[in-house]
Amino acid sequence: MDAYMWHKVAALSGVAALGLGTYGAHVFKPQNPAYKEVWHTASLYHLVHTAALLAAPITKNPNVFGGLLTTGILAFSGTCYTVALLEDRKYATLAPFGGFAFIAAWSSLLF
């Protein structure tokens with residue numbers, strides 16, 4: 001994959017992060033207010049790691065870094081969005097894998 005393809009992935013992810021963040025801030029009204037915080041966490045991690053995707057092309061292993069960040073966004077933030085939207089923590093099983101993907105992505109910069 002062309003290293004600069006990660007900029008397009010970041011663009012799509014950024015659009016999604018901003019849209020979902022806006023939805024969470026202005027439309028999302030869960031019955032249990034604790035799920036508003038779960039949505040906020042998902043949105044924060046989604047946006048921060050989307051910004052980090054912009055650096056993928058200048059890393060030694062852009063596909064490793066970009067792939068792990070994208071996996072983390074989908075698994076962690078996606079799971080948190082789902083948990084918040086459905087107000088059911090039974091859907092949280094993938095979140096730890098997303099967290100590990102984030103850790104692995106940042107660690108990959110050491111090599």
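Start by selecting A95, G98, A101, F102, A105 and S108, the buried residues of α4; buried means under 20% relative accessible area, exposed over 50%, and partly exposed in between (1.4 Å probe, protein chains only). These residues cover an arc of only 140° around the axis, so they sit on the same side of α4; the arc is that of the directions from the helix axis to the C-beta atoms.

This is a predicted model, where local features need pLDDT of at least 70, side-chain atom pairs count only at pLDDT 80 or more, and totals for chains, interfaces and linings use all residues. Residues are numbered from 1 along each chain as its sequence is written, and side-chain values use heavy atoms, with hydrogens and water left out.

Now turn to the other side of α4, where F97, F100 and I103 are exposed. Next, show α2 (34-53) and α3 (62-86), which are among what covers the buried residues of α4. Helices here are DSSP runs (H or I, at least four residues), numbered from the N terminus.

Then select V38, which touches C80, V83, A84 and R89, not counting residues up to four places away in sequence; contact means heavy atoms within 4.5 Å. V38 also belongs to the largest nonpolar core, which has 21 residues. Such a core is a set of buried Ala, Val, Leu, Ile, Met, Phe, Trp, Tyr and Cys residues joined through side-chain atoms within 4.5 Å. Its largest share, eight residues, comes from α3.

Finish with residues 64-84: the chain there is 100% helix and 0% strand, with end C-alpha atoms 29 Å apart.

Terms used: Helix = DSSP H or I, 4+ residues; strand = E, 2+ residues; numbered from the N terminus.
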